[in-house]
Amino acid sequence: MPPTARLLAWTVALALPVIALAVGLTHDHADYLKQWLMAAEGIDPWITALGGRELAAPNAYGPLHLLLAPLAAWHPLLPKSVFALCAVLAFALLLAEAGRPDARRVLYLALLFPLAPLVVIAVLIYGINDIVPALLTMVACSSFARNRRTTAGILLAFAGLYKFYPLLFAGFLTSRGDGRLDLRVPLVAAAVFAVGMAAAYAVWGESLLTPLRFGSDRPPKMLSILRLFYQFEPLKTSGWMEFLLAKNSLFVLATAVLVALHGWLARLDWEVTLLIGILAVFAVYKVGHAQFYVTWIGVQAWIIARSPDTTPGRVARGFLPLAAILSLYELLYFASGFTHDGHLGGPWYPLRWGGSVPFLLTLGWCVWQTREQLFRPWRRPSGLRL
């Protein structure tokens, strides 16, 4: 790497933890701290009430989330330092995949991921934990690209044990575009995840399942199209709305299966299947928080860093307007916190229930722009690989 590029890379890498530590404890990270301290004191980490009072923010994460409890007990900012380190490692991975980038490309890659406003605000300022599954998913991509399929499955299982949704991503790594169905990654991921959950269940019992129940009971939010409909009383109380919300997890699972099936039979590049699959899962999920997409833009940046001039690279670049919309939404969410009590209140409130409109319009436009790469005819399967 040229000296100027190396200096720029080090500057970006050092700036990430500085920003995180300078801001201190805010937003969801303050709630994480309470959860970690409870776990460090031996209290059931998934209880929903303490001392007769309902907890404002119960633990909605997997057992690996609790690994940071000892660090939190030692110093409250240590877990946030770990999140900042994950952002640094993700940036280093992008640079490694890019080979020997010059200063201009280093800056470009930095703006794609660690310095994207969505990442800076969600991870470095708010200290939200989606950076952990994002990093694990990006490393799983690198492993799968080098045919280390078992490693990729283990990494996605670990990501799922931290925050459950990445387990679905294993299904998108079932084909390399040659028509053969490759089940190694999903089988390994499912096995490791099951062992991890069984071990956690042996320690904490049925309370381990509280996050799954909590997720199914949550109302629609933010960038979910269901949040737009939920705003209007006749629709909010309709039977079909209740059905869509109650069965949302089934719709998410069905979406993941359909994208994986399409990627296999249409013989898409696995990077394209993964990129579109992650995006589809989050777009269908009823809790449309922008920070979920930290993983998606991390994978997008990884594809662009590794193969900018291939079909996956062109598809990933075709979805950059959507990444920009996500960062813009997070910027507006952040700015609204300075003008009203809470975020997206007062005159900002339409963004809370109508943010899905520009998001989905941009998503549709990006899909249309890349339609020739995404919508190929299905072909006869050519075998099975384990």
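Analyst: Ala, Val, Leu, Ile, Met, Phe, Trp, Tyr, Cys and Pro count as nonpolar, Asp, Glu, Lys and Arg as charged, and the others, Gly among them, as polar. This is a predicted model, in which local features need pLDDT of at least 70 and side-chain atom pairs pLDDT 80 or more, while totals for chains, interfaces and linings use all residues. Residues are numbered from 1 along each chain as its sequence is written, and side-chain values use heavy atoms, leaving out hydrogens and water.

User: What classes make up the lining of the second largest pocket?

Analyst: The lining has 12 nonpolar, two polar and no charged residues. Among the residues closest to the pocket's centre are Val-259, Ile-276 and Phe-375. The pocket's volume is about 240 Å³.

User: Which helix gives the most to that lining?

Analyst: α15 does, with five residues. Two or more residues also come from each of α14 (248–265) and α20 (356–369).

User: Why are α8 and α9 called oblique to each other?

Analyst: Helix α8 (residues 149–162) and helix α9 (residues 184–204) pack at about 40 degrees, with axes 7 Å apart. Angles under 35 degrees count as roughly parallel, over 145 as roughly antiparallel, 65 to 115 as roughly perpendicular and the rest as oblique. The pair is therefore oblique.

User: What is the handedness of the crossing of α8 and α9, and which classes make the contact?

Analyst: The crossing is right-handed. The contact of α8 with α9 has 12 nonpolar, four polar and two charged residues.

Definitions and conventions:
Axes fitted to C-alpha atoms, helices over the stretch in contact; angles between N-to-C directions. Helix = DSSP H or I, 4+ residues; strand = E, 2+ residues; numbered from the N terminus. Left-handed = near helix turned anticlockwise from the far one by under 90°. 1 Å grid on protein atoms, 1.4 Å probe; cavity = no way out; pocket = protein on both sides within 12 Å on 5 of 7 lines; lining within 4 Å. Points joined across faces, edges and corners; volume = space filled by probe spheres on them.
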